[in-house]
Each structure stands twice: as structure tokens, then as C-alpha cells.
Amino acid sequence: MSFSAILGAWIAAFLTLGIFSYLYRDNPFYKIAENVFVGVSAAYVAAISFWTQIYPNLLGRLFPKGGPLAFTGLEFDFNHEFNILYLFPMLLGVMMLISVFQQFNWMARWGIAYTVAIAAGLKAFGYLNSNVLNQVSASSVDIFSGSLPFFSLGGDSVFNNIVLVVGTLSALMYFYFSKEQTGNFGRFTRLGIYFLMVSFGASFGFAVMGRISLLVGRFNDLIEYSSADYNYATLGVLVFIIVTLGFWSFQSPERKEN
Amino acid sequence: MKFLEDIILKLGEVDRRVIFVLIGLAVLIPLLTPISLPVRETPTTVKFYDGIEDIPKNSKVLVSFDYGPSTRPEIHPMNVGVLRHMFRNGHQIYISCLWPDGIYMALDALEEITDEVNPDNVSTFNIKEYEDYILLGYRPGAEAVIKGLASDLRKVYTVDANGNFIDDIEMMDDIKNLNDFAYIYSGSAGYPGTFEWVKYGGDPTGVPMSSGTTSVQVNEVIPYVQTGQLIGLLAGMPGAAEYEKLINVPGIAIQGMAAQSFAHIVIVLFIVFGNLAFFIKQRRDRKY
Amino acid sequence: MLLKRYIPIAIVAFFGALTLSAWFIDNETIETFANDDATQFFDIIAAFAVFLGALNLLKLQFIKVLKQQSGWIYSAVAIASFFFAFIIGFFIRGAYFVGEDVYFSQKAAEAAILSSGSSEVVVPVDWGAHVQTDGSLFQWMFKYIFSPLSATMFALLAFFVASASFRAFRARNFEASLLLVAGIIIMLGRVPVGSLISSWTIMYILAFSIGIGINSYAKNRNIVFGWILGSCGLITGFGIIMGWPIDQPAIFFLPSLQEWIYLVPNLAGSRAILIGIGLGIVATSLRYIFGLEKSYLGE
């Protein structure tokens with residue numbers, strides 16, 4: 001194993017166990033790991049965004065090789081032709097950067113307004129088509145044709161389709177707050193609540209499943225780093241953190257939680 | 001009976017760090033002592049597998065890596081499995097990323113496949129970049145990127161991840177936009193991901209598509225499966241394990257199922273136990 | 001007012017209407033602009049927004065350090081980490097090819113050539129490709145610093161979910177009970193251990209649970225005893241007749257039951273939520289385009 005891989009494993013084990021040390025209580029190891037995460041992730045995303053978007057798609061279009069702005073000495077060859085329209089996002093982008101100063105913080109509004117506009121224009125149609133029209137269309141199910149069995153646990157059946165339609169309608173009706181939910185309407189919406197509760201219960205089950213899967217992944221990495229190939233990184237860091245935290249807890253009883 | 005109730009009530013007030021230790025052990029012990037549990041395929045996973053089998057051989061397929069290290073344990077096994085399945089069926093794969101971390105996930109997945117050797121120490125997949133796959137890379141912009149791909153791929157990607165011009169790559173000759181793909185797959189951990197691919201990729205173009213999602217997202221995505229907007233679905237790590245079984249290549253998802261199972265049992269016991277303590281306390285409070 | 005309010009509102013109205021109408025208008029110029037250039041502008045401005053976020057972060061952390069506010073040392077750690085990653089991302093290529101091998105620096109690559117005695121030359125990776133190259137210094141930072149931190153932050157939630165399951169999730173009423181029961185069935189039915197739990201076990205558990213419920217309401221030992229004896233006897237009888245198959249009756253077999261719950265009642269609820277969200281998003285998007293909603297201005 002190369003030196004960079006071993007060094008990396010020790011750093012990764014330290015940062016991982018530092019985050020996990022929060023389970024004992026808030027402590028300097030956790031705070032260090034948390035702040036490293038904050039700093040590194042900001043710079044990481046900035047670097048990726050610049051080199052994959054601004055560099056080829058903006059600078060490549062404003063300063064192409066042999067373009068009218070080549071006199072500035074800036075030339076970026078990405079097979080683009082000069083496109084003056086790209087001065088608009090350049091202007092908006094620079095205004096966003098200038099907005100970091102308090103007296104110019106209104107300048108970010110132009111860039112934000114543009115992103116809101118595009119997002120609104122895209123989402124209005126996208127959600128209407130995929131979330132509303134397609135879903136409503138799929139809610140028209142086969143109940144009366146006679147080609148389906150009455151009940152089936154695994155596949156299509158008349159009973160399942162009835163439950164689907166009634167459930168969708170009743171749950172949708174629950175969200176209709178323009179009419180007081182009393183009487184028969186109230187009973188129908190109460191049925192909708194039950195369907196929503198089943199849905200939330202399933203979401204809870206899946207959420208637990210997801211979190212446990214992530215924990216499995218982390219433990220797999222820690223087990224890998226505890227091998228001789230990585231000079232027992234996990235074990236070394238674990239002993240160091242436990243000893244230090246034990247000493248620190250002993251030294252600072254006034255910081256103990258109630 | 002009162003003695004038992006007292007014990008349950010006392011245990012109900014245990015320090016939360018004890019709970020942390022128990023759940024940690026429930027996950028760690030099965031990982032250290034590998035236990036094999038039978039994996040049972042669900043209909044949505046079978047549908048997903050059949051959907052890929054139905055793609056005409058030697059087609060062009062878009063695979064999007066829309067996840068990062070935080071959700072790698074769930075999505076990565078799926079994506080590696082999908083790449084295996086696709087290469088096995090002779091498809092050409094075009095890899096895009098809507099998440100900045102997705103590019104490294106893609107590199108890792110490709111490395112895992114190219115490093116794989118059969119018992120005779122021969123590479124299982126003799127795949128070459130620019131012949132069997134191309135790494136287009138990451139572009140920020142979420143749904144705007146997908147909309148751009150649906151219209152004109154070259155407006156979004158002028159160079160690939162290695163900095164080579166798209167126009168100079170032979171594999172890109174017949175690709176103008178999403179309509180030129182036979183299938184779209186997104187391994188998605190959130191935004192941007194499955195929803196955006198359905199709304200701006202699959203639905204407007206009509207190109208068959210499917211997705212692998214994290215467990216947290218599954219419930220929100222399932223309506224798309226029933227409507228046929230997604231052909232099947234891989235649901236979290238259990239879905240990845242089922243898919244590994246179907247393609248006959250057991251991987252880390254199947255290995256993690258024992259730990260997943262035991263942790264679930266522990267959490268169910270926590271819920272039952274916690275509610276028992278609650279009911280006992282409630283009954284005692286009502287008495288007085 | 002013009003620059004701070006009216007121009008942003010006009011931008012939203014114009015570009016929002018243009019993007020929305022591009023879905024419906026069959027005009028090549030509008031379609032090309034809306035589908036290609038307008039979305040590219042969005043991507044570029046989104047990239048600048050990332051820089052704005054980074055600058056704001058630095059500003060806040062620097063203020064904390066300069067004023068030596070509580071926890072300023074950790075802010076110094078955040079600033080140092082930022083510049084460490086920033087320098088790797090912007091000023092160091094970190095990927096020099098010698099054949100197919102990648103080295104972090106020119107020096108290391110040249111040393112490798114010298115030690116191997118090969119005639120290969122050092123090929124530095126292009127700027128831009130260095131953040132997406134396998135084996136680069138940037139990828140090393142991603143793999144051993146960013147990746148473990150990001151993954152562990154999310155994995156931490158598993159412990160808190162377990163703690164919440166024990167301390168907070170209470171079946172206080174029928175709806176909450178329904179939620180918990182659905183959750184438990186999904187959790188057990190979706191994993192391999194669910195298929196190891198026999199449907200007969202579930203039936204016995206159900207019989208006892210109903211017995212406990214009857215006891216709470218009827219408070220008559222004879223009725224409770226009769227129910228438990230009767231139901232268990234019935235279950236045992238059927239089990240003997242059927243030979244105790246693990247997955248029959250299917251309705252009590254957890255994987256089959258969870259599949260039905262997942263694909264029928266759960267789907268109904270999820271669909272209703274999805275439709276509701278869709279309608280809400282459409283209404284909100286139109287409100288932004290028509291200038292009725294101005295929350296992006298901070299109003």
C-alpha cells in the first residue's frame with residue numbers, strides 16, 4: 001500500500017471516529033472534524049463548479065481561441081464560438097460575488113431572480129405533466145372489466161384497484177381545507193388520514209433502512225482501515241480518541257451534561 | 001408482575017448512549033462474523049432487471065451517477081451491478097453526473113469492473129474507454145442540465161471528463177440528445193436525481209428509463225413505477241442486494257444484509273419495548 | 001428601487017414566462033434559447049452562487065476569528081481546511097501521467113521515470129480535467145477527507161433514529177399505531193430476516209395481541225382466556241393440516257404482506273401527496289412568474 005493511501009486511511013479513520021465521538025458527547029474531536037468538513041466541502045464544490053462549468057462554458061464562450069476578445073490575452077479552446085449573450089450570466093455572476101459586501105448585497109437579487117425564473121418555468125410544466133397528469137391518468141384503474149381476480153396479494157386485482165382509487169381520493173380530499181371536514185365528508189377524509197398514516201409509516205420504515213445502510217457502509221470502511229495494510233489505522237485512532245476523551249472528561253466535570 | 005413492570009419502566013429510562021452501543025453492536029457484529037441470509041427478490045427489482053434485459057443488444061445507454069459518498073453504501077452497489085449488466089449485454093455506456101461527487105463514484109465503479117478477473121486471471125470485462133464507455137463528467141445545474149441534454153447534448157458537454165472535445169470522439173458521432181439513447185438509468189440519492197430525470201428526461205422524450213434510489217426516497221418514487229414512468233426500481237441497499245442476486249454477482253450489498261436485518265430487529269424491539277414502558281406508565285398514572 | 005426591486009421582478013417575469021412558454025410554442029429561436037442558452041445561463045449562475053456561498057462562509061469565520069468569539073479556534077480550523085482544499089483545487093494540478101500511472105507532482109513523476117529507467121515522458125493533466133482524473137491529488141482529498149466526513153455525518157443519523165424509536169415513537173392513538181405497525185412490517189418484510197419469520201409466528205403474535213386488547217376493554221378473564229385458547233387452537237389445527245409452510249397463509253407472511261402494503265395503501269397515500277405537491281409547485285411557480293410572490297427579494 002502506498003504512503004499516500006496509508007496516510008489517507010489514518011486521516012479518514014480520525015475524521016470518521018471524530019464524528020462518531022459526538023455520540024458520547026460534544027467534544028473537540030467532533031468540532032475539529034465538523035469544521036474540517038465545512039471548510040473542505042466549500043472549497044471542493046467551488047473547485048468542481050469552476051472547472052466543470054465556468055471555465056469551459058462561460059470563459060470558453062467569451063474568450064474562445066481567435067475570438068474578438070483574444071486581444072485581452074485570454075484564450076480558452078473548448079471548440080466554442082464567441083457568443084455575446086454570455087455576458088449576461090457573467091454580469092449576473094460577478095454581481096453575485098460583489099454582493100458579499102454589505103452595501104452591495106442587493107446585487108445578488110438579479111442572479112437569484114434569474115435562477116428563480118428558470119426554476120419556475122421548468123418546474124411548472126414538469127410537475128404538472130409528471131406529477132399531476134400522469135398520476136391522475138394512472139389512477140384510472142381496471143375494476144369492472146372482469147379480467148382481473150378479485151383479490152391478489154402480489155399482483156393486480158379488483159380489490160387492490162378499489163383500495164388504490166379510494167385511498168388516493170380520500171387522501172387528496174383530506175388536503176382540501178376550503179370545506180369543513182364534518183359529517184360524511186369528515187368520515188371520508190378520516191379514511192384518507194389512515195392511508196396517509198400507512199404511507200408515513202412506510203416512509204419511516206424506509207428511512208430507518210436507509211440510515212442503517214449508511215452505517216453499514218461506514219463500519220465496512222473502518223473495518224477495512226483496521227487491517228495491517230493500513231497499519232491498523234482504525235484501532236490506533238480509536239485508542240487515541242478514547243484515551244484522550246476519557247482524560248478530557250475526567251478533567252472537566254463541570255462540562256458534564258445534566 | 002409488578003416486579004417485571006418495574007424493570008421495564010427502569011429500562012425505559014436508560015441513557016441514550018446505551019441505545020447507541022446496542023445499535024452499533026447490532027451492525028458491527030454481523031459484519032465481523034459474516035452470516036449469509038437468503039435474499040428474496042421483490043417485484044419492482046425483477047421488473048427493473050427485466051427492463052434492462054429488454055433493451056436491444058448493443059444499444060447506447062445513458063447512466064447517471066447522481067449520488068455522493070454519503071449515500072454510497074446504498075447506490076454504489078446498484079450502479080456497479082447496472083454497469084456489469086449493461087456491459088454483459090454489449091451496450092455502450094455514456095456516463096453523466098448531476099452531483100459533483102458522482103464523477104468519483106463513476107471512476108470507482110469503472111475501476112471495480114475493469115479490475116475484476118475470472119479464475120483464470122483474465123479480465124472479466126475487456127472494456128475500453130471511448131469504445132465501450134465514455135465519461136462525460138459532471139455539470140452543475142440540476143434540471144437545467146437534463147433539459148439541455150434533452151435538447152442538444154453538445155450545449156451542455158463540449159468536452160468530456162478528460163478534457164477531450166466531444167466532437168472529436170467517435171462514440172459521440174450519433175448522439176445529438178437524449179432521444180438517441182435506448183435507455184436512461186439514474187442512480188439517485190436526492191436532488192437532483194430521479195424526479196428530475198423523470199420530469200425533464202424520460203417523460204418529454206419517451207425514452208424508457210429507470211432508477212435506483214436511496215431507501216429514504218423510495219416511497220416518493222413508487223408512484224412513478226406504477227404509472228410506468230419508471231420501469232421497475234431498485235430500493236435502497238436491500239434492492240441492491242436483490243439485484244446482485246438476479247445478475248448472479250454477490251457483492252457488498254448482499255454482505256450487508258445480515259447487519260441490516262439484525263439492526264432492524266433491534267429497532268423493532270426498541271419500538272415495542274418503548275411502547276410497553278409507555279403503556280405501563282400511562283396505566284399507573286391513570287390509577288393515581 | 002428600480003435596481004433593487006423592479007428589475008429582479010422583471011427578470012423573473014420575463015425569463016419565467018419565456019421558459020414556460022417554450023414548452024408550448026413551436027418556434028425554433030425561442031426553443032433553442034430556452035432549452036440551450038437559458039439553461040446554460042442557469043448553470044453558470046448556479047456555479048457563481050457556490051462561490052458566493054464560499055465567500056460568505058469565509059467572511060463569517062474570519063469575523064469569528066478576528067473578534068475571538070467563542071469557539072474561534074474551530075473557525076480557524078475551518079478556514080485552514082478551506083484554503084488547503086482551495087489550493088489543491090485551483091493551484092496544484094496534482095496529476096502527472098507517466099504512461100498509465102499517475103503521480104501527484106512533476107518531481108515524483110520524474111523520479112519514477114529515473115528509478116524505472118524508462119523512456120516515458122511526464123504528461124501533466126489539463127487544467128479542468130485535474131478535478132475529474134482518477135488518481136489525482138484532488139481525488140485523494142475527496143476519497144480520504146471529504147468522502148468519510150460526508151458519509152459519517154449521515155451515518156450518525158442511524159444512532160439517533162434508534163434512540164428516537166425507543167424514546168419518542170409512541171402509539172398514543174389509532175393513527176400513530178397504524179403508522180408504527182406499517183413501519184414495523186416494512187422494516188422486517190424488506191430484509192432477509194423477514195422471510196425467516198414464519199407466517200404462523202405472526203398469527204400467534206396477532207392472537208395474543210388481540211387478547212391483550214380484549215382484556216383492556218372487556219376486563220373479563222374468561223373471555224380473554226377463551227379467545228386465546230380458541231384462536232391458538234385454531235391456528236395450531238390449521239398449521240398441522242397444512243404442514244406448517246413458512247410462507248402460508250401469504251397474508252401473514254411478512255415479505256408478502258409488506259409488498260401489498262407497499263404497492264397498494266402506501267401507493268395511494270404517496271400518490272395523493274405527489275399530486276398535492278405537483279399542484280402546489282405549479283401554483284407557486286405561476287405566483288413567482290406573475291410577481292405575486294417576492295420572497296426571493298427578502299420580502
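Author: Helix axes are lines fitted to C-alpha atoms over the stretch in contact, and angles run from 0 to 180 degrees between N-to-C directions. The model discussed here is predicted.

Reader: At what angle do α6(A) and α5(C) pack, and are they oblique or roughly parallel to each other?

Author: The axes of α6(A) and helix α5 (residues 137-167) of chain C are 8 Å apart, and the angle is about 130°. α6(A) passes α5(C) in a left-handed crossing. Angles over 145 degrees count as roughly antiparallel and 65 to 115 as roughly perpendicular.

Reader: How do the residues of the contact of α6(A) with α5(C) divide by class?

Author: On the α6(A) side, the residues that meet α5(C) include A207(A), V208(A), I212(A), L214(A) and L215(A), together with R211(A), R218(A) and D221(A). The α5(C) side includes P148(C), A151(C), F154(C), L157(C) and V161(C). The division for this contact is 12 nonpolar, 2 polar and 3 charged.

Reader: In the contact of chain A with chain C, which helix gives the most to the side of chain A that touches chain C?

Author: This contact takes 103 residues from chain A and 105 residues from chain C. On the chain A side, α1 (3-20), α2, α3 (87-98), α4, α5 (158-174) and α6 each supply at least two residues. That side divides into 72 nonpolar, 25 polar and 6 charged residues. The helix that gives the most, with 26 residues, is α2(A).

Reader: And which helix gives the most to the side of chain A that touches chain B?

Author: Here the contact takes 39 residues from chain A and 45 residues from chain B. In chain A, α2 (28-62), α4 (108-138) and α6 (183-225) each supply at least two residues of this side. By class, the side of chain A that touches chain B has 21 nonpolar, 18 polar and no charged residues. With 17 residues, the helix that gives the most is α6(A).

Reader: Is α12(B) roughly parallel or roughly antiparallel to α6(C)?

Author: The axes of helix α12 (residues 257-287) of chain B and helix α6 (residues 174-189) of chain C come within 10 Å and cross at roughly 160°. Because angles over 145 degrees count as roughly antiparallel, the crossing makes α12(B) and α6(C) roughly antiparallel.

Reader: By class, which residues make up the contact of α12(B) with α6(C)?

Author: α12(B) passes α6(C) in a left-handed crossing. From α12(B) come H264(B), I267(B), V268(B) and I271(B), which meet L180(C), I184(C), M187(C) and L188(C) in α6(C). This contact has 7 nonpolar, 1 polar and no charged residues.

Reader: What are the edge strands of the sheet in chain C?

Author: The sheet is open, with 3 strands in the order β2-β1-β3 and antiparallel pairing. Strand β1 (residues 96-98) is joined to β3(C) by 2 bridges, and F97(C) stands opposite V123(C). The strands that pair on one side only are β2 (101-103) and β3 (123-124) of chain C.

Reader: Which helix packs on that sheet?

Author: The helix in question touches β1 and β2 of chain C. Its direction makes about 10° with that of β1(C), and it spans residues 106-116: helix α4 of chain C.

Reader: How far apart do the C-alpha centres of domain 1 of chain C and domain 3 of chain C lie?

Author: The domain assignment of chain C gives domain 1 (1-91), domain 2 (93-168) and domain 3 (175-277). Chain B is assigned domain 1 (2-33 + 263-287) and domain 2 (43-255), with C-alpha centres 41 Å apart. For domains 1 and 3 of chain C, the distance between centres is 51 Å.

Reader: Where is P249(C) found, given the cis peptide bond that joins Q248(C) and P249(C)?

Author: The bond between Q248(C) and P249(C) has an omega of about -5°. In chain B, a cis peptide bond joins Y191(B) and P192(B), with omega about -10°, and P192(B) is in the loop between β4 (183-188) and α8 (194-205) of chain B. P249(C) is in the loop between α8 (221-242) and α9 (254-263) of chain C.

Reader: What is the phi of N231(A)?

Author: N231(A) lies in the loop between α6 and α7 (233-251) of chain A. Although N231(A) is not a glycine, its phi is positive, at about 55°.

Technical notes. Residues are numbered from 1 along each chain as its sequence is written. Chains are lettered from A and ligands numbered from 1 in the order in which they are written. This is a predicted model: local features need pLDDT of at least 70, side-chain atom pairs count only at pLDDT 80 or more; totals for chains, interfaces and linings use all residues. Two residues are in contact if their C-beta atoms, placed from the backbone, lie within 7 Å. Helices (H or I, at least four residues) and strands (E, at least two) are DSSP runs, numbered from the N terminus. Ala, Val, Leu, Ile, Met, Phe, Trp, Tyr, Cys and Pro count as nonpolar, Asp, Glu, Lys and Arg as charged, and the others, Gly among them, as polar. Domain bounds come from an automatic or database domain assignment. Two strands pair if DSSP finds at least two bridges between them. Angles under 35 degrees count as roughly parallel, over 145 as roughly antiparallel, 65 to 115 as roughly perpendicular and the rest as oblique. A crossing is left-handed if the near helix is turned anticlockwise from the far one by less than a right angle, and right-handed if clockwise.
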